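Work through the exercises below with the model open. Try each task before reading its solution.

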Amino acid sequence: MTDEKVIEVVNQSLAEEFEVDPETLKPESHLIEDLGFDSLDFVDMVVVLQEAFGVMLREEPRVREVRTLGDLHRLVIDKKRELEL
Amino acid sequence: MRANSHEAVGPPYLERRTVSALMIVLMNIWVPLLMVIDTVIGIVLFPVGLLVWRLVTRWPLARIMRHFIWIYGRVWMWIVSPFVRFRLAGADREWARRPIMYVANHLSFVDIFCLSAMPVFDVVICLRSWPFRMVWFAPFMRLAEYLDLESLPWDEIVARSKGVFSAGRSMLVFPEGHRSRDGRLGRFHSGAFKLALQSSVPIVPICITGTDRISPPARRWLEPSRVSIECLEPIAPEQFEGDLGHIELRRTVKQRMEACLARLSA
């Protein structure tokens, strides 16, 4: 899966599962301040992305450092690459 | 002919506008005045009322407070009744006998008062932090054990909601988290649906229309309106399983509410 495809699937998952307006899904969008996520949404987001990509994010310490959508894209791309190695 | 038809339409139209303006002026004198009187009398009589209710009913303090708040809402409905017509549909008196998670759309701060039209008073209302900062309401809300969803840690919200449901009481959440600015349903947060599934209680969606006409966000005066409160069929939690069951439940509830609100608006 290419990086562009990962980004597309992440954005699609957020739009569908969290009712986020696709127009607002930009790499610099802050998940809390711009997209209106709360702490529960973060937990759900991890589960949604685990299911979408088959990667393990629940125990990943970098999840706590995710602030923007770009951070999330990079995290999923890295985890996907780890899986493919 | 044209002049005649214009004459026929013009004066009643102007009359209607004048009556509307007059009603708005009257409403904005009548309602705040009586609400201040009602609130002051309520606060003064509160200690005596509490004692009498406690001796007569033997209910816990929080339940008595929820009853008082429900009565306060009913009084508000009576005060605004010359200007607001209420319609309640779909509510079942039997709901008072079992724990239910009510979720409602949110258009105006008066939604809380309008929900007193429901035949159920023992409902723990979950709100954001700002209502708990209103000094004249906050002590009563705390005594009623309403939940501050913004300030409390999630684990405590879960523990307290389990306590509420296991005692046979109900909860009410506005899943949008704030009042709609355009009358449409906003994004639903997942908390209410998660709590319902964790305690295996049914969800009753409540669709409210017309309260944004009375007092929308950021407008300081009241206007007459017709308010509809329509309760949809309870949705059983059992069919929503797995880690993401609450998201599916949230989606189902929202779809039903969107359909109902579209019908009410039409």
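Predicted model: local features only at pLDDT ≥ 70, side-chain atom pairs only at ≥ 80, totals over all residues.

Residues are numbered from 1 along each chain as its sequence is written, with chains lettered from A and ligands numbered from 1 in the order in which they are written.

**Exercise 1. Give the strand order of the open sheet in chain B and find its edges.**

Step 1. Strands here are DSSP E runs of at least two residues and helices are H or I runs of at least four, numbered from the N terminus. Two strands pair if DSSP finds at least two bridges between them.
Step 2. The seven strands of chain B follow the order β1-β7-β6-β2-β5-β3-β4, with mixed pairing.
Step 3. β1 (84-89) and β4 (147-148) of chain B each have a single partner strand, so one side of each lacks a neighbour in the sheet.

**Exercise 2. Describe the surroundings of β5(B): which strands pair with β5(B), and which of its residues are buried?**

Step 1. β3 (residues 123-127) of chain B pairs with β5 (residues 170-173) of chain B in the parallel sense, over four bridges. V123(B) has S170(B) as its bridge partner, and I125(B) stands opposite L172(B).
Step 2. β2(B) also pairs with β5(B) in the parallel sense, over three bridges. Here Y102(B) stands opposite L172(B).
Step 3. Count a residue as buried if 20 or more other C-beta atoms lie within 10 Å of its own, exposed if 12 or fewer, partly exposed in between; C-beta atoms are placed from the backbone.
Step 4. In a regular strand the side chains alternate between the two faces of the sheet. In β5(B), S170(B) and L172(B) are buried on one side, M171(B) and V173(B) on the other.

**Exercise 3. Locate the buried side of α3(A) and say what covers its buried residues.**

Step 1. α3 (residues 69-84) of chain A has 16 residues.
Step 2. The buried residues of α3(A) include L69(A), L72(A), V76(A) and K79(A). These cover an arc of only 95 degrees (from the directions from the helix axis to the C-beta atoms), so they lie on the same side of α3(A).
Step 3. The cover includes α1 (3-18) and α2 (39-53) of chain A; contact means C-beta atoms, placed from the backbone, within 7 Å.

**Exercise 4. Is F18(A) buried or exposed?**

Step 1. F18(A) is found in helix α1 of chain A.
Step 2. F18(A) has 21 C-beta neighbours inside 10 Å, so F18(A) counts as buried.

How values were computed:
Expected span 1.5 Å × (residues − 1). Contact = placed C-beta atoms within 7 Å.
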